[in-house]
Amino acid sequence: MMSSVPGPDKKTKLLVYTIEECPVCGQKTKRAFVVGDYVTKDGGKCAKCSNQTKVSLVYAEGTKASS
Amino acid sequence: MFIPFGSALQVGIDSNSIFLIFWVGFFVVTFFYQARLQSYMALSDISRGLNKLRVMKDKSRKEAIDYLVNVGKAPSDPTQRVDQFLDYVTIMPVDLDPAGLVGKIDHVVTTNNDRVRAEVGALLGQTNAVTVSISENLLEVATSLNVIHKIVRHFYLLGKKTNSYITLLQLQMLMPLIIQEADALLNAVDSFKLGQPIGDGIGPVIVSRYMAGKEKRAVAKDTVMAVTEYKGRKLYVLKADGPMAYVGQPGVAIKKIIEEMGVKPSAIVMIDAALKLEGEKTGEIAEGVGAAIGGIGVEKFQIEEAATKAKVPLYAILVKQSILEAITVMRKEVAEAAEKATQVLNRVIEEKTKEGDEVVVAGVGNSLGVAQ
């Protein structure tokens, strides 16, 4: 489920992303947040070296909301 | 005697005289009724704000009830219990004799926290720790909005009843700030419901990196610790137990590490979110000394006391953000500051301690969505 919440100025919409990081090669993958994601949770396989990734960050980024 | 406008001109009253009468009347009215008129304007402003607060309060209550029913699988309708919960009060101890006051406050607050958890546990049809902690936080948000609404309504009605212009004016001036704070609380509901890390969780995010792959153990209520190494220093890293929405008891934990576990740290480094001033940038990092922890002051007191007794210097690393950013989903600017703050933490450890030393590192904040 893509999570979006209103931003501070109401015109901005915040989209929430999860960053998965490979502890071996450092490759980072950004995907939409899904309920149940948390920092240090096991992620998918690394696209570069196929190792197990871990969620390193969950954050929101602002986009201009279309009225 | 009423003289119609047309007749007035006919009997020799010119338009200048009419304007003069109008202005004299205007000044007489404003001279005698200015305060009354401004009171009406203030009442109307406050009334609009109060309506907004009522809508926010009702929305947060509904969201909490919906969460308890839909996610918490409450076995029966929790509405009545929730309404009782919202009006529950915590009576702070008397401060006429301040000696030992912090211990009394700690006792009252701990009793309240235990009661909240027990009540929420009884309301839910499941024992999942994350769901219970989120329910606790949602009910706390609803309680806060309920209290804000009640206090504003009290002063609004009091000002109206006593026709107190000064009371109303003060409330009118404060309304934008109160609405801003209430809005931040309401926005926090979405992040809590989805279990997303909030801005306040930046401290736990940073220290979780030091705890990865290490054995964790409970060191205080809702607080975990791991022992790790960094450039020859032994680090005792602690944070609230995640991914639950806990803040833990870092004060109790640090006291225990120093006084009961016999650790002799050369430094205590605390990482926390800090409220930025208007004009400061979100994600800015500030360094300092002292206990970096908010709240009612009990934890801060415990940390300062333990550090002072053991003569351990306290260092603080702060990540700046607004109140809205601190209690809603973590912003990109804050998350990206984690890397910089980690470098600062490493530098502080390297500069302030030497190889073979022991260091306590505490990531202070709400651990929602941040495990270890």
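Visitor: In which sense do strand 2 and strand 3 of chain B pair?

Guide: Keep in mind that this model is predicted. Strand 2 of chain B covers residues 223-230, and strand 3 covers residues 233-240. Eight bridges join the two strands. Within this pair, Glu229(B) faces Lys234(B) of strand 3. The sense of the pairing is antiparallel.

Visitor: Which are the edge strands of the sheet in chain B?

Guide: The open sheet holds seven strands with mixed pairing. Their order is 1-2-3-7-4-6-5. An edge strand here pairs on one side only, and that leaves strand 1 (216-220) and strand 5 (285-289) of chain B.

Visitor: What angle does helix 8 of chain B make with strand 1 of chain B?

Guide: Helix 8 (residues 250-260) packs on the sheet. Among the strands it touches are strand 4 (267-275) and strand 7 (358-363) of chain B. Its direction and that of strand 1 of chain B make about 105 degrees.

Visitor: What covers the buried residues of helix 9 of chain B?

Guide: Helix 9 spans residues 298-310 of chain B. Its buried residues include Val298(B), Ile303(B) and Ala307(B). The cover includes helix 4 (101-123), helix 8, strand 4 and strand 6 (314-321) of chain B.

Visitor: How many nonpolar residues has the side of chain B that touches chain A?

Guide: In chain B, 22 residues are in contact with 16 residues of chain A. Helix 6 (165-194), helix 7 (202-211) and helix 11 (332-352) of chain B each supply at least two residues of that side. By class, the side has three charged residues, seven polar and, as asked, nonpolar: 12.

Key
Residues are numbered from 1 along each chain as its sequence is written. Chains are lettered from A and ligands numbered from 1 in the order in which they are written. This is a predicted model: local features need pLDDT of at least 70, side-chain atom pairs count only at pLDDT 80 or more; totals for chains, interfaces and linings use all residues. Two strands pair if DSSP finds at least two bridges between them. Helices (H or I, at least four residues) and strands (E, at least two) are DSSP runs, numbered from the N terminus. Two residues are in contact if their C-beta atoms, placed from the backbone, lie within 7 Å. Axes are lines fitted to C-alpha atoms, for helices over the stretch in contact, and angles run from 0 to 180 degrees between N-to-C directions. Ala, Val, Leu, Ile, Met, Phe, Trp, Tyr, Cys and Pro count as nonpolar, Asp, Glu, Lys and Arg as charged, and the others, Gly among them, as polar. The expected span of a helix is 1.5 Å times one less than its number of residues. A residue is buried if 20 or more other C-beta atoms lie within 10 Å of its own, exposed if 12 or fewer, and partly exposed in between; C-beta atoms are placed from the backbone.
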